[in-house]
Amino acid sequence: MKTVIFNVGAALSAYMESDNKKIVIDLGKSSDFSPVNDFLLPLFKKRGEKRNYGGKYYLSQVFISHPHYDHISDLNDLDEHYHIDLYYPQ
């Protein structure tokens, strides 16, 4: 399993891969770092991932621990670029 944890100021976000599962936990962004634009998109582009879902990349699951801005502020960018099989807002 690969895990990357992002410090986005007041909160943490994480990206995990295990087998063919790609999971995001919380998705806040700071004034100088966006997990989507500064990590996920460059990673998927570098790997040559295909955009098969209406022009979007694929994520298995997204979990949101609670709906505070520091945990959800990057969701619009995520939704713009990624198809999500299971979206689980707490």
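Reply: Happy to. A residue is called buried when its relative accessible area is under 20%, exposed when the area is over 50%, and partly exposed in between, using a 1.4 Å probe and protein chains only. This is a predicted model, in which local features need pLDDT of at least 70 and side-chain atom pairs count only at pLDDT 80 or more, while totals for chains, interfaces and linings use all residues. Residues are numbered from 1 along each chain as its sequence is written, and side-chain values use heavy atoms, with hydrogens and water left out.

Me: Why does histidine 81 count as buried?

Reply: Its relative accessibility is 16%, and buried means under 20%, so histidine 81 counts as buried. Histidine 81 is part of helix H3. Contact means heavy atoms within 4.5 Å. Setting aside neighbours within four places in sequence, histidine 81 is in contact with Val36, Asn37, Leu41, Arg51, Lys56 and Tyr57.

Me: What makes a stretch of the chain a helix or a strand?

Reply: Both are DSSP runs, numbered from the N terminus: helices are H or I with at least four residues, and strands are E with at least two. By that rule the protein chain has three helices and five strands. Read from the N terminus, the order is β-β-β-α-β-α-α-β.

Me: Why is serine 13 called buried?

Reply: Serine 13 has a relative accessible area of 2%, so it is buried. Its place is in strand E2. Not counting residues up to four places away in sequence, serine 13 touches Val4, Ile5, Phe6, Val8, Ile25, Asp26, Leu27, Gly28 and Pro35. Between the C-alpha atoms of serine 13 and isoleucine 64 there are 9.4 Å, and the two residues are 51 residues apart along the chain.

Me: Is isoleucine 5 buried or exposed, and how do you know?

Reply: Isoleucine 5 has 58% relative accessibility, and therefore counts as exposed. Isoleucine 5 sits in strand E1. Leaving out neighbours within four places in sequence, the contacts of isoleucine 5 are Leu12, Ser13 and Ala14.

Me: What makes alanine 11 buried, and where is it found?

Reply: At 8% relative accessibility, alanine 11 counts as buried. Alanine 11 is found in the loop between strand E1 (2–7) and strand E2 (12–18). With neighbours within four places in sequence left aside, alanine 11 is in contact with Phe6, Asp70 and His71.

Me: What makes a group of residues a nonpolar core?

Reply: A nonpolar core is a set of buried Ala, Val, Leu, Ile, Met, Phe, Trp, Tyr and Cys residues joined through side-chain atoms within 4.5 Å. The largest one here has 18 residues, and Tyr15, Leu40, Phe44, Leu59, Leu78 and Tyr82 touch the most other members. Helix H1 (35–47), strand E4 (57–64) and helix H3 (75–81) each supply at least two residues of this core. H1 gives the most, with five residues. In soluble globular proteins, nonpolar side chains tend to be buried together.

Me: How do you know that the radius of gyration agrees with that of a compact globule?

Reply: The radius of gyration is taken over C-alpha atoms, and the globule rule is 2.2 Å times the number of residues to the power 0.38. For 90 residues a compact globule would be near 12 Å, and the protein chain has 12 Å, so the value agrees. Its C-alpha trace spans about 35 × 25 × 25 Å along the principal axes. Of the 90 residues, 38% count as buried.
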